[in-house]
Amino acid sequence: MQFLKERIRSFGHAFRGVRLFFKSGPHAKIHGVASVLVLIAGLYFRVSALEWSLLIIAIVLVLAAEAVNTALEELSDIVQPDFDKRIGQIKDISAAAVLFLAFGSLIIGGFVFLPRILALF
């Protein structure tokens with residue numbers, strides 16, 4: 001029973017992290033809004049199950065990468081509050097990971113939605 005209580009408490013910490021993530025930074029909010037728009041577009045265009053899978057994977061990857069990037073930036077600021085070129089490079093590389101995934105997600109969204117959008121005209 002103690003094991004179950006600890007797992008439930010662990011989920012509570014994770015959900016608090018989700019709340020802090022979306023509350024803490026503008027990029028999280030941007031990714032969150034973009035995710036909601038993609039979900040609405042998916043419903044509107046009635047995408048297939050495979051397309052839903054690709055869209056959801058893309059959304060989750062971008063949000064997870066942004067969360068890790070945000071956590072890494074916060075930790076870096078605690079460890080080294082003063083400017084440090086190496087910390088700056090680490091932050092830039094971490095942000096690049098999010099950028100790679102965001103561009104990949106944009107490409108996936110283009111494959112899924114662009115033909116449908118063009119068909120409207």
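Predicted model: local features only at pLDDT ≥ 70, side-chain atom pairs only at ≥ 80, totals over all residues.
Visitor: Which residues of H2 and H3 meet?

Guide: From H2, the residues are His27, Ala28, His31, Gly32, Ser35, Val38, Leu39, Gly42 and Leu43. Their counterparts in H3 are Trp52, Leu55, Ile59, Val62, Leu63 and Glu66. By class, this contact of H2 with H3 comprises nine nonpolar, five polar and one charged residues.

Visitor: Where is Glu66 placed, and which residues does Glu66 touch beyond those up to four places away in sequence?

Guide: Glu66 lies in helix H3. With residues up to four places away in sequence left out, Glu66 touches Phe21, His27, Ala28, His31 and Val98.

Visitor: How do you know that Glu66 has no salt bridge?

Guide: A salt bridge requires a side-chain nitrogen of Lys or Arg within 4 Å of a carboxyl oxygen of Asp or Glu. For Glu66, the nearest side chain of opposite charge is Lys29, 11 Å away. Glu66 is thus buried yet without a salt bridge.

Visitor: Why is Phe111 called exposed?

Guide: Exposed means over 50% relative accessible area. Phe111 has 65% relative accessibility, and so counts as exposed. Phe111 is in helix H4 (residues 85-119).

Visitor: What separates the C-alpha atoms of Phe111 and Glu51?

Guide: These C-alpha atoms are separated by 9.2 Å, while Phe111 and Glu51 are 60 residues apart along the chain.

Note on methods:
Residues numbered from 1 in each chain as written. Heavy atoms only, no water. Contact = heavy atoms within 4.5 Å. Helix = DSSP H or I, 4+ residues; strand = E, 2+ residues; numbered from the N terminus. Nonpolar A, V, L, I, M, F, W, Y, C, P; charged D, E, K, R; others polar. Buried < 20%, exposed > 50% of the residue type's maximum accessible area, 1.4 Å probe, protein only. Lys, Arg positive; Asp, Glu negative; His and termini not counted.
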